[in-house]
Amino acid sequence: MDTVERIGSQGGSGLAELRRVSRKAHEAVDEAFSRFNLADRESYGAFLTAHAGALLTAETYLAKHPSVLPSWHSRSELLKEDLRQMGLEVPAARQDIFHEHDGMALGVLYVLEGSRLGGRVLSARVGEGLPRAYLSAFHQKGEWPEFLAHLEHSLNESDVAQCEAVTAGAVLTFDLFRNSAGSQA
């Protein structure tokens, strides 16, 4: 992972800084997944497998931090079921990616919850007759703004080490997704 820039080094809100610092990693994920054709069964299967390689790892980690996470809803079972319906194997979650730190868990959750927004757009591109429960697991009304408010408050009230852990968690999660997409090439 590249050196993580300190949140707050440029002033402004903690959330704006998190977005700025993690922007390149986010763009790299978008580029890595843009090659998948969700209307094509084989390509969509590779897309879901790539997501599973990252999501299952990230959600296994988040399950160890329930006290710091605001109303988080796992999507692992939805993704596993979509893979099963397509006759594809479910990849194993990795255990060696994230350090045990509550701030890191918030960074991981930031990426996963943000990906629900992309899922709303992508679910419309899935081919007819293909399972789409994972991509259709949208936020309930108000959940995304509530999460962002919680994250913003946490970043603005935290010390430098906590803010750096949130950033590291977000960047590591984006990298995890990008690498997983690359493994399906």
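Helix 6, residues 160-182, has end C-alpha atoms 33 Å apart, in agreement with the 33 Å that its 23 residues should span at 1.5 Å a residue. The model is predicted.

**Largest pocket**

- The largest pocket has a volume of about 660 Å³.
- Its lining comprises 28 residues, of which His 26, Val 29, Asp 30, Ser 115 and Gly 118 are the closest to the pocket centre.
- Two or more lining residues come from each of helix 1 (14-33), helix 2 (41-62), helix 4 (102-123) and helix 6.
- Helix 4 makes the greatest contribution to this lining, with nine residues.
- Classified by residue type, the lining holds 15 nonpolar, eight polar and five charged residues.

**Salt bridges in helix 3**

- The count of salt bridges comes to seven, among them the pair Lys 80 and Glu 77, with an N to O distance of 3.3 Å.
- Lys 80 and Glu 77 are three residues apart in helix 3 (residues 76-85), about one turn of the helix.
- Lys 80 counts as partly exposed because its relative accessibility is 22%, and buried requires under 20%.
- Arg 84 and Glu 81 form a salt bridge whose closest N and O atoms are 3.8 Å apart; being three residues apart in helix 3, they are separated by about one helical turn.
- Arg 84 is partly exposed at 46% relative accessible area, as is Glu 81 at 35%.

- Arg 116 and Glu 113 meet through their side chains in a salt bridge of 3.2 Å, N to O.
- These two residues of helix 4 are three residues apart, so about one helical turn separates Arg 116 from Glu 113.
- Arg 116 and Glu 113 are both buried.

Terms used. Residues are numbered from 1 along each chain as its sequence is written. This is a predicted model: local features need pLDDT of at least 70, side-chain atom pairs count only at pLDDT 80 or more; totals for chains, interfaces and linings use all residues. Side-chain values use heavy atoms; hydrogens and water are left out. Helices (H or I, at least four residues) and strands (E, at least two) are DSSP runs, numbered from the N terminus. The expected span of a helix is 1.5 Å times one less than its number of residues. On a 1 Å grid over the protein atoms alone, a cavity is a set of points where a 1.4 Å probe fits but cannot get out, and a pocket is an open set with protein on both sides within 12 Å along at least five of seven lines; lining residues have an atom within 4 Å of a point. Grid points are joined across faces, edges and corners, and a volume is the space filled by probe spheres set on the points. Ala, Val, Leu, Ile, Met, Phe, Trp, Tyr, Cys and Pro count as nonpolar, Asp, Glu, Lys and Arg as charged, and the others, Gly among them, as polar. A salt bridge is a side-chain nitrogen of Lys or Arg within 4 Å of a carboxyl oxygen of Asp or Glu. Buried means under 20% relative accessible area, exposed over 50%, partly exposed in between (1.4 Å probe, protein chains only).
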